[in-house]
Amino acid sequence: MATKRRGAAAPAAAKRGRREAHAELCAALGDAALRERAGAAWARGERLRHDAVVLEPAPFRHCVIPGFLASSAFAEALRDELLGLDFRGRRNDLLSLRQSEELGASTEPHVAALRHALCEEFQVWLSAVTQIELEPTIDISCAKYEYTDVLLCHDDELEGRRIAFILYLVPPWEKSDGGTLDLYSTDEHFQPQQITKSLVPSWNTLVFFEVSPVSFHQVSEVLSQKCRLSVSGWFHGPSVARPARHIEAPLARSPHIPYDHEILYEWINEVYLDLDSQAQIQEEFEERSEILLKDFLKKEKYQLLCEALENKEIQWSSRGPANKRLYEAAEEDSLPDTLKKFLQLLRSEALFLLLSNFTGLKLHFLAPSDEDEDAGEGQAADSSGHSSPKPEQEETEQAANGNSHQPRQPESTPEAQDSETRSSSGTPVCAGELRRWTHGHYTLVHDSQATEFALDLLFFCGCEDWDPEYGGFTSYIAKGEDEELLTVNPEDNCLALVYRDKETMKFVKYINHRSLARLNKHPNKTGFWDFSFVYYE
């Protein structure tokens, strides 16, 4: 037959000697009366409960269709076909999963049949119910979520996306397995507030929802060894206007507070107060734009700090919104004196000058500037902040050219907002907070992230036996890319310094369920702490 000759215009399945499959959708989708009821409920923002279609208006309009494919044999064959596809692992700030290639041109018979049914019969039904003029083509792919995989809070908004859909092809599934589709309520600024509904995946069930400025959702972390297999994508239609993005108030920035060098000798390992050591550190920092200083604090001071962090009187506040971050920050008024004094150190004039000596940045008026270097005056300043140094702090020549860095940029935390905020006098400033990290915490790269040059400081506590597999590391990436430029792992009594520019983003990787295994060795340690500060010239 001509249709079977190589190169003839025949269906790909026939070319490959396969039988063409047909996807029949559940009979209820052909019920005109039910379609009209669903359309009326959708238009009025009302609930519709039917054995075949469940439509809910809150927290945003969504619909659940159990038994979406009429034939269980077809659904099983589709699942087997999908599991035979090539999947690639995807890992970034937002997600961890395995995903197939785009299936829009797939010649697998059951995949092609499903795609045809979605683009034809279901698209007509969907357009009638939602009153959206949907295009006859879709984006479609397959995803596998396995243990600790997750897709964090996002709204799916992209030019032309109007309806998102997910078809679940999962084994028997319980809420305790994780992997739920969590839907968020939103505040007056169209920012996600809290999860108000969780949909547990179910075999051969399709969920769809309207993509809008409030359609915030996530796939919660998979907590079992089951495979959460799904086919998902978007129907496209006319774009809708989006409200202006809400701009968050940044963490307050402030100049240094007047503490002299004595505070450094009280807290910091004296190795780092030696000017020869500082010169070596600066040389390495200018080469790499980052450095990790181990055993930074005196051992007894570090021990006191860790004990103070366990204080039950500390008040911790959750920091969001979930499409940008989720972690806990300490209310400074509730901190014990030891922690307040350490925060004073991080904001002190003496530390600003010490950081200048470590990095070559102009964070203090005594630090050499580029002009000084050009005039041959590039000497390191004494970190006492005075003109007459102590004998053990004799000034030595050091390079201080901050322009040799490969600078890096801000992250999805409040201190990184308001990119134009600088002291009108050009005075160096800082902003920072004490953070607590446990299972489920993270930060994300986001569109409203600031773009400016800055020095990040991270100091870690309570990280004993912390495995990078748990997450919780700080990752620096180039804007628009997933490839990591630098990873900073939590490590006890370590000070990390990273200089960043306008084309670099950072995030803290989601802390996954594996982190709870640490409780077997450390029953009272559910996570770790860090002091996160940013310094601006």
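I began with Glu-452, which is buried at a relative accessible area of 2%. Its partner is Arg-253, and the two side chains meet in a salt bridge at 2.7 Å, N to O. I checked where each sits: Arg-253 is in the loop between strand E13 (228-236) and H5, and Glu-452 is in the loop between strand E18 (442-443) and E19, so the pair ties together parts 199 residues apart in sequence. Arg-253 counts as buried too, because its relative accessibility is 17% and the limit is under 20%. A reminder to myself: this is a predicted model.

Next I looked up Asp-530, which forms a salt bridge with Arg-435, with the closest N and O atoms 2.9 Å apart. This pair also links distant parts of the chain, since Asp-530 belongs to strand E24 and Arg-435 to strand E17, 95 residues apart. I found Asp-530 buried at 2% relative accessible area, and Arg-435 buried at 1%.

Then I turned to Arg-47 and Glu-56, where the closest N and O atoms of the salt bridge are 2.9 Å apart. My count for the whole model came to 26 salt bridges.

**Helix H7 and its cover**

I wanted to know which residues of H7 (residues 299-309) are buried. They are Lys-301, Tyr-302, Leu-305, Cys-306, Ala-308 and Leu-309. These residues cover an arc of only 160° around the axis, which puts them on the same side of H7. On the face turned away from that buried side I found the exposed residues Lys-299 and Glu-300.

What covers the buried residues of H7? I listed helix H5 (262-267), helix H8 (337-346) and the strands E17 (429-438), E19 (454-461) and E24 (527-536) among the covering elements. Two of these names were already in my notes: E17 holds Arg-435 and E24 holds Asp-530.

**H2 against H4**

I took the helix pair H2 (residues 32-44) and H4 (residues 109-130) next; their axes come within 7 Å and cross at roughly 45°. That angle makes H2 oblique to H4. From H2 the contact uses Arg-35, Ala-38, Gly-39 and Trp-42, and from H4 it uses Trp-125, Ala-128, Val-129 and Thr-130. I sorted the contact residues into five nonpolar, two polar and one charged.

**Two residues up close**

I looked at Leu-206, which is in strand E11 (residues 205-210). Leu-206 is buried, with 0% relative accessible area. Leaving aside neighbours within four places in sequence, I saw contacts of Leu-206 with Cys-63, Val-64, Ile-65, Phe-68, Leu-118, Phe-122, Phe-165, Ile-166 and Leu-167. I also noted 9.0 Å between the C-alpha atoms of Leu-206 and Leu-69, which are 137 residues apart along the chain.

Ser-106 was the other one, in the loop between strand E5 (95-100) and H4. Ser-106 counts as buried at 13% relative accessibility. Not counting residues up to four places away in sequence, Ser-106 touches Val-111, Ala-112 and Arg-115. Its C-alpha atom is 9.8 Å from that of Ser-141, 35 residues apart along the chain.

Pro-59 lies between strand E2 (54-56) and strand E3 (62-65). I noted another cis bond from Gly-320 to Pro-321, with Pro-321 in the loop between strand E15 (316-319) and strand E16 (325-330).

Phe-190 has a phi of about 65° and sits in the loop between strand E9 (181-186) and strand E10 (192-199). Phe-190 counts as partly exposed, at 37% relative accessibility.

Notes:
Residues numbered from 1 in each chain as written. Predicted model: local features only at pLDDT ≥ 70, side-chain atom pairs only at ≥ 80, totals over all residues. Heavy atoms only, no water. Buried < 20%, exposed > 50% of the residue type's maximum accessible area, 1.4 Å probe, protein only. Helix = DSSP H or I, 4+ residues; strand = E, 2+ residues; numbered from the N terminus. Arc of directions from axis to C-beta. Contact = heavy atoms within 4.5 Å. Salt bridge = Lys/Arg side-chain N within 4 Å of Asp/Glu carboxyl O. Axes fitted to C-alpha atoms, helices over the stretch in contact; angles between N-to-C directions. Parallel < 35°, antiparallel > 145°, perpendicular 65-115°, else oblique. Nonpolar A, V, L, I, M, F, W, Y, C, P; charged D, E, K, R; others polar.
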